[in-house]
Amino acid sequence: MGNSVRPGRLLRRALRGRAGRAWLAGSGVAASSLLALALLAAHRGATSGVAGYSGQDGFDVWVAPRGVDNLVRSAGQLPVGGEEAIRTIPGVADVGPILRTFAAVEVGTDGDRRRLTLLVIGYRGPAGLGGPPGLSDGRGPERPDEIALDRAAAHRLGVGPGATVDVAGDRARVVGLTRGTNLFATQFAFVDHQAADDALGAMGRPSFLVVRLAPGAPLESVKKAIEERVPRSAAFSRDEFVGNNVREISAGVLPVLALVTGLGFAVAVALVALLAQGLADDRRRDVAVLLALGASARAVGLGVLAHVEKVVFLGAAAGAAAAWVASAVLDRFAPTVELSFRATDPIVAPAAFGAAAALAALGPILRLARIDPVEAFRP
Amino acid sequence: MTAIQMDGVFKVRGRGVLAVPALRGVSLRIEPGELVLLEGPSGSGKTTLLSVAGGLLSPDAGEVRVGGEPLPPRDVEARRSVRARQIGFVFQRSNLLPGLDALENVLLQGALAGIDAALARRRAEELLEAMGVGHLGGRRVGGLSAGEEQRFAVARALVHSPPVVLADEPTASLDSAAGRAVVEALVALGRDRGAAILVATHDGRLAPFASRRLRMVDGGVEPAARPQGEA
């Protein structure tokens with residue numbers, strides 16, 4: 001029988017439903033796939049933003065006021081003199097103070113005023129620890145009246161390098177655009193440490209201290225020494241601090257993203273179930289004929305499943321491709337949301353939707369297999 | 001070897017108060033090359049008899065053999081296998097599958113019967129040429145006339161050279177000329193291949209072609225009048 005026609009191929013073709021219905025279902029799956037992937041990518045973008053900043057090379061230890069373990073949702077300041085105390089600890093190569101606050105950044109006139117509340121980081125530029133992880137244009141702040149804005153924030157404000165903005169009431173010139181600093185709900189801005197200290201009235205008390213260790217320095221013993229020498233402080237390794245920040249970002253946006261992603265997925269599953277149901281209804285007589293002619297119920301079920309999976313796979317793959325393209329276009333022309341895709345997304349999405357499709361199609365397929373072949377005799 | 005053998009077949013259709021005895025101890029034998037007409041009013045059990053003979057329904061009692069093979073009442077897969085290899089069906093409507101072109105509809109039966117692909121194609125082309133529709137194989141089903149469709153259905157029923165062909169009102173949806181062409185094709189090509197053909201019909205035009213005529217009355221089978229013109 002090696003040369004016999006495989007009934008599977010002909011069966012699958014015989015069981016194809018209406019082309020319009022398949023296109024509709026495939027489009028729905030593509031839209032759901034696009035939605036789910038875009039939301040996942042937005043979540044990843046937000047977490048990678050905070051992780052990208054707090055996990056930079058050279059940020060080996062983060063020192064925070066006791067009770068504070070993250071950059072995103074925190075308050076409090078370290079005591080004056082902590083920086084000097086840490087510098088004396090063996091194994092410490094460098095220390096940089098960071099002042100962190102939320103501040104309104106405004107631009108324009110009264111009639112056309114744009115305003116964003118940004119997570120403002122004051123650090124000692126240009127060589128000090130605490131600066132942005134990357135620049136897409138310009139440079140970091142070097143003077144008290146300079147500011148570097150996340151590029152998404154700059155896009156929303158409609159400004160670029162050379163523009164002047166108001167930061168908490170003070171004028172500042174935009175000297176650079178940063179990337180990898182978009183947290184989805186807010187964005188980073190970077191200013192000179194002294195300017196931030198003056199504006200906040202911090203009197204030399206930093207929000208955090210970032211410590212760079214000398215090669216081979218013992219991390220745990222340095223952390224312990226820091227907590228002993230800086231009163232009411234807590235020291236975190238880079239990984240710990242990044243993890244804490246990702247947790248905080250996720251706690252804020254993940255439930256919403258998960259809900260919308262879940263809804264998108266549910267819509268796709270419903271569409272697939274409808275597609276399979278439609279096949280079961282439209283093809284009832286054809287299935288009866290196939291069973292009468294000697295096709296097995298299993299082969300018919302697999303034929304329907306293959307058709308459903310093909311539609312779903314192509315739809316999900318199209319959605320993944322569209323998400324990829326949308327990401328590139330957004331990044332180029334409207335970088336308001338950081339979409340972080342992974343190379344595995346175009347594989348994972350169709351696989352996930354395909355698995356859901358198999359479950360959704362199960363009921364209609366079982367109904368198909370129970371069709372009485374005697375129906376083929378009905379006129 | 002007897003092509004169709006039914007011994008003491010009983011079959012009840014429906015359940016509970018709706019249960020109706022459709023076949024009451026039917027016994028019949030049809031030999032290779034015979035064309036047997038099964039006549040009777042609507043609801044007399046003709047389709048049920050075809051369904052039982054074709055392994056689509058299992059009898060409540062009695063035994064059915066097709067091409068010498070038993071149709072085990074409780075073994076769905078065994079009946080399916082016998083159906084695919086040993087039986088060709090011609091329905092009242094062509095029942096060609098719209099997802100396939102006309103020739104593929106014929107080849108599908110060959111594939112289901114497990115015969116060699118090249119052999120199936122050669123047989124299909126011979127059958128279709130003999131019926132004058134060989135040039136229409138690539139057409140979609142919707143692009144054929146009812147008569148042309150039914151000739152493809154006849155080819156589908158014969159492509160795997162089954163010992164038995166079961167036909168249910170094969171000319172009912174056709175005009176006079178198309179119906180005659182289909183019957184002539186079924187008779188000539190089926191008999192050429194030694195198939196036993198059982199046709200349930202109301203169509204008196206088929207009588208001249210029949211070897212025997214049976215009449216179904218109240219779930220039983222009895223001989224009908226001899227075909228016209230036969231001594």
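A: The domain assignment divides chain A into domain 1 (7–50 + 249–377) and domain 2 (79–231); such bounds come from an automatic or database domain assignment. The centres of domain 1 and domain 2 of chain A, taken over C-alpha atoms, are separated by 45 Å. Their contact takes 14 residues from domain 1 of chain A and ten residues from domain 2 of chain A, two residues being in contact if their C-beta atoms, placed from the backbone, lie within 7 Å. On the side of domain 1 of chain A that touches domain 2 of chain A, helix 2 (19–54) and helix 7 (238–282) of chain A each supply at least two residues. Helix 2 of chain A gives the most to that side, with six residues. Helices (H or I, at least four residues) and strands (E, at least two) are DSSP runs numbered from the N terminus. By class, this side of domain 1 of chain A has eight nonpolar residues, five polar and one charged. Ala, Val, Leu, Ile, Met, Phe, Trp, Tyr, Cys and Pro count as nonpolar, Asp, Glu, Lys and Arg as charged, and the others, Gly among them, as polar.

This is a predicted model, in which local features need pLDDT of at least 70 and side-chain atom pairs count only at pLDDT 80 or more, while totals for chains, interfaces and linings use all residues. Residues are numbered from 1 along each chain as its sequence is written, and chains are lettered from A and ligands numbered from 1 in the order in which they are written.

Helix 2 of chain A also packs against helix 10 (residues 345–369) of chain A, at an angle of about 125° and with the axes 11 Å apart. Axes are lines fitted to C-alpha atoms, for helices over the stretch in contact, and angles run from 0 to 180 degrees between N-to-C directions. Helix 2 and helix 10 of chain A are therefore oblique to each other; angles under 35 degrees count as roughly parallel, over 145 as roughly antiparallel, 65 to 115 as roughly perpendicular and the rest as oblique. The crossing of helix 2 of chain A with helix 10 of chain A is right-handed. A crossing is left-handed if the near helix is turned anticlockwise from the far one by less than a right angle, and right-handed if clockwise. From helix 2 of chain A, A:Val29, A:Ser33 and A:Leu37 make the contact, and from helix 10 of chain A, A:Asp345, A:Ala349 and A:Phe353. These residues divide into four nonpolar, one polar and one charged.

Two strands pair if DSSP finds at least two bridges between them. A:Pro97 stands opposite A:Leu209 in strand 9 of chain A. Strand 2 of chain A also pairs with strand 3 (residues 114–123) of chain A in the antiparallel sense, over nine bridges, and A:Val105 has A:Leu116 in strand 3 of chain A as its bridge partner. The hairpin of strand 2 and strand 3 of chain A has six residues between the strands, and A:Gly108 in this hairpin takes a positive phi near 100°. Strand 2 of chain A further pairs with strand 6 (residues 164–167) of chain A, antiparallel and over two bridges; here A:Val105 stands opposite A:Val167.

Next comes the contact between the chains, which takes 31 residues from chain B and 23 residues from chain A. Helix 1 (46–53), helix 2 (76–86), helix 3 (102–113) and helix 4 (117–130) of chain B each supply at least two residues of the side of chain B that touches chain A. Helix 3 of chain B contributes the largest share of that side, eight residues. This side of chain B has 17 nonpolar, eight polar and six charged residues.

Helix 3 and helix 4 of chain B pack at an angle of about 130°, with their axes 9 Å apart, and are therefore oblique to each other. Their crossing is right-handed. B:Leu103, B:Val106, B:Leu107 and B:Gly110 in helix 3 of chain B meet B:Ala120, B:Arg121 and B:Ala124 in helix 4 of chain B.
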